[in-house]
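Good morning, colleagues. Please look at the structure on the screen while I go through its main features.

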Amino acid sequence: MTSLDSTSHSDPSLSPVHAETPETRKATAKATQAIANITAPEQSVVDNPPPKPDYPLYRVRPEEPIALAEIDPNASESYERKKDVEQELERQRDRLQQLQTRLYAEQQRSLLIVLQAMDTGGKDGTIKHVFQGINPQGCQVQSFKKPSVEELGHDFLWRYHQRVPARGMITIFNRSHYEDVLVVRVKNLVPESVWRQRYQLINEFEHMLTLNGIVVVKFFLHISKDEQKQRLESRLKDPDKRWKFSVNDVQEREFWDEYQLAFQDAINNCSTDYAPWYVIPANKKWYRNLIIARAIADTLEAMNPQYPPESEGLGAILIPD
């Protein structure tokens with residue numbers, strides 16, 4: 001397991017020393033590849049690739065770093081309006097419901113979905129519209145605010161590890177362990193020598209989760225600065241939305257460029273074959289919802305969860321009056 005930080009590749013003296021035996025490394029590589037096949041689901045579940053919508057277009061390959069400034073947050077393929085996607089979005093939500101039921105019944109693996117975005121980026125809206133109709137018994141949303149005193153007393157991943165999904169569950173991280181290479185970097189809460197090494201720790205953490213049956217898929221909801229301004233103004237103008245508005249949102253907006261760079265570095269350092277990042281154009285909310293719903297549904301289909309075998313003798317059972 002190696003970091004995606006290019007510095008470690010260019011300087012052999014910085015490469016990690018592997019204590020594992022060749023047999024252990026081979027077994028780990030085989031298991032990792034099996035997960036990588038699931039997190040590129042278009043290779044196994046799409047009859048005529050590319051899929052429509054083309055969600056693999058937005059997946060960040062480890063060997064192909066991205067520049068956020070070069071990705072159009074207004075992109076929507078050939079779709080032009082919300083009406084164009086309504087039927088397809090409903091179809092994908094139906095798939096999610098059916099596959100989530102099978103995952104819950106199987107009780108062997110789980111799915112962790114990470115959502116990150118700038119303020120007003122649409123994390124709450126994505127959860128509301130993509131997971132509409134999902135049985136809440138098998139799906140949880142975990143949000144992460146400022147860490148408590150107890151949480152600060154542990155390593156930075158401690159509080160996140162406690163909330164990863166149990167077997168059979170889908171868990172959505174509304175913000176996540178990536179805050180510890182975003183906010184802490186932009187606000188200089190810890191020195192660079194601390195936050196920079198966290199990229200490798202995050203990769204190893206996510207690798208460990210995948211090897212334990214937790215599939216990890218991550219979405220960055222990419223909006224423009226102008227779109228954020230419009231959404232903030234909309235909250236101010238609508239009395240029913242003012243509860244969403246915080247003066248802190250305006251203050252954070254001043255750090256737009258710094259956050260964009262921090263997100264870009266986090267994505268480029270931590271998009272792996274086994275736990276990929278998707279950069280989703282999110283100015284058009286309806287397109288964002290469709291892309292994410294299809295990507296998650298295909299990932300679940302690639303996992304192919306199965307109902308457990310029925311108990312023997314059920315056909316002979318008579319229910320008494």
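Predicted model: local features only at pLDDT ≥ 70, side-chain atom pairs only at ≥ 80, totals over all residues.

Just after helix α10, Gly213 takes a positive phi of about 90°. Helices (H or I, at least four residues) and strands (E, at least two) are DSSP runs here, numbered from the N terminus. Residues are numbered from 1 along each chain as its sequence is written, and side-chain values use heavy atoms, with hydrogens and water left out.

Helix α10 itself covers residues 198-211. The expected span of a helix is 1.5 Å times one less than its number of residues. For the 14 residues of α10 that gives 20 Å, and the end C-alpha atoms are 20 Å apart, which agrees. Among its buried residues are Arg198, Ile202, Phe205 and Leu209; buried means under 20% relative accessible area, exposed over 50%, and partly exposed in between, with a 1.4 Å probe and protein chains only. Arg198 also places its charged end over the ring of Phe156, 4.5 Å from the ring centre. The criterion is that NZ of Lys or CZ of Arg is within 6 Å of the ring centre and within 35 degrees of the ring normal.

Let me turn to the whole protein. Its secondary structure comes to 14 helices and five strands, and 49% of the 321 residues count as buried. The five strands form an open sheet in the order β2-β3-β1-β4-β5, with parallel pairing; two strands pair if DSSP finds at least two bridges between them. Which strands stand at the edges? They are β2 (139-143) and β5 (277-281), each with a single partner strand, so one side of each has no neighbour in the sheet. Five bridges join β2 to β3, residues 170-174, and Ser143 of this pairing stands opposite Asn174 in β3.

Next, the aromatic rings. Rings of Phe, Tyr and Trp (its six-membered ring) pair if their centres lie within 6.5 Å; planes under 30 degrees apart count as stacked, over 60 as edge-to-face and the rest as tilted. By this rule there are nine aromatic pairs. Tyr79 and Tyr287 have ring centres 6.1 Å apart and planes at 45°, so the pair is tilted. Tyr79 lies in the loop between α3 and α4 and Tyr287 in helix α14, so the pair ties together parts that are 208 residues apart in sequence. Both tyrosines are buried. Phe220 and Phe263 are also a tilted pair, because their centres are 4.6 Å apart and their planes at 40°. Phe220 belongs to strand β4 and Phe263 to helix α13, so this pair ties together parts 43 residues apart in sequence.

The charged end of Lys52 sits over the ring of Tyr79, 4.3 Å from its centre. Most residues other than glycine have a negative phi, and most peptide bonds are trans. Yet cis peptide bonds join Pro49 to Pro50 and Lys52 to Pro53, and both Pro50 and Pro53 lie in this loop. Glu77, in the loop as well, has a positive phi of about 55° although it is not a glycine. At a relative accessible area of 36%, Glu77 is partly exposed.
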